[in-house]
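Take a look at the structure below.

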Amino acid sequence: MAAQFVRYTPDVEDDDPDFDRNVQTVIEKTESYIADSVKAGGTGRALRDAHAKGYGLVRGEVEILDGLSPEYAQGIYATPGTHDALIRFSNGSPHAGADARLGAATGLALKMFDIPGPTLLEDEPDTGTFDYANINAPVFFCNTVEHYLFIQELFLNAPAYFSQGRPGAHRFFTDFVTGKGTLDQDDWAWDEFLAFLRVSKTPPANVLLSSYWTMGAVRHGDYIAKVRITPDPSFAAAVVRRTLDPASAAEVFRPALETELQERPYAFDIQVQLCTDLERMPVEDTTVEWPEQLSPSVTVAKLRLPQQDISGPENLEKMDALSFTPWRVTAEHTPLGNIMRARKEVYRRSSIERHKLNQQPRTEPRSADEVLGPAQ
């Protein structure tokens, strides 16, 4: 019997009466961290408050597949064709430095070009670009903006905790679960803490071999979905530098990515998992992994990375000047849930502050060639 996909209606999202006030607090903390990072971050530049360390900016091409069933041929995926793209691989931490100090979370941010229709960013509706900002875990470790206030603070101060060894780690874990002592015991953040542990236990691997999820839900035209970017098995099998030891050198992820792309092309599948059950596949609870048994992920597009040379400091400089946000999308792909909704203004204000401090123009490119030059 065919699955019954849940249709999108606005009431799948919860109303949080304190949303605007809490988001403003997050923005103020984020801007303060970015300003302080110019001196404290170790690079002499303003850092992102997440994904501060990039591993490389890669040229790509997205082919939206023909012949998709109507439920999957929604929004931009209703029109087969190819789009130039840029991909940023990064570490999820708000800190820079040696790979071994930054944890296991890595990200794949994708920017597609020549996508028709206005974006959801009111100050740049006509850029023709469409972004994903995905991470290598199917869950996120924060469910409400109220909880994000203390979780953000913990992550920004994580080096101070963990530099104190086991006692510092214990304090970090205790402050996480108890909301730094602000939560009643019945409301301790166990689900979020367990999701954090799951993400932190991800074994280190070549960034080409990870899968990357939106974590939160998004509209998929008439439906509700999560989007995964996952390695094409035939290309993944050819990767030589598979397991990486971050303790073996200060830099391990970028050199492995550089060398693989110098030697061979690569490909990912862009996949959509449609919601069939709002109880077991919730919108507001991002600590819950949507079961594949209820609704498998279906490939809607191919992301192809040609053989290329991304070595050299200019690649990192061009990557640093770019902006990625899950809200640079068309209305048919609106991010859903309060945590995803919070990212809209937090990401925008963070990007504005960082570009201002780094004296970088903050403009959306119109093509991959505009950023990287003509393909060789």
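## An enclosed strand

This is a predicted model. Strand β3 covers residues 106-112, and seven of its seven residues are buried, so the rest of the structure largely encloses this strand.

Check both faces of β3. On one side, T106, L108, L110 and M112 are buried.

## Neighbours of β3

Which strands pair with β3? Strand β2 (residues 81-91) runs antiparallel to β3, and seven bridges join them. Within this pairing, R88 has A109 of β3 as its bridge partner.

Strand β4 (residues 130-135) also runs antiparallel to β3, with six bridges between the two. Here K111 stands opposite D131 of β4.

## Aromatic rings

How many aromatic pairs does a search of the whole structure find? The count is 26. One of them joins F5 and Y72. Their ring centres are 5.9 Å apart, with 80° between the planes, and the pair is edge-to-face. F5 lies in the segment before α1 (19-40), while Y72 lies in the loop between β1 (54-64) and β2, so the pair ties together parts 67 residues apart in sequence. Both F5 and Y72 are buried.

There is also an aromatic cluster. Its members include F140, F141, Y161, W188, W190 and F196.

## Charges over rings

The charged end of K111 sits over the ring of F324, 4.7 Å from the ring centre.

Conventions: Residues numbered from 1 in each chain as written. Predicted model: local features only at pLDDT ≥ 70, side-chain atom pairs only at ≥ 80, totals over all residues. Heavy atoms only, no water. Buried < 20%, exposed > 50% of the residue type's maximum accessible area, 1.4 Å probe, protein only. Helix = DSSP H or I, 4+ residues; strand = E, 2+ residues; numbered from the N terminus. Pairing = 2+ DSSP bridges. Phe/Tyr/Trp six-rings, centres within 6.5 Å; stacked < 30°, edge-to-face > 60°. Lys NZ or Arg CZ within 6 Å of the ring centre and 35° of its normal.
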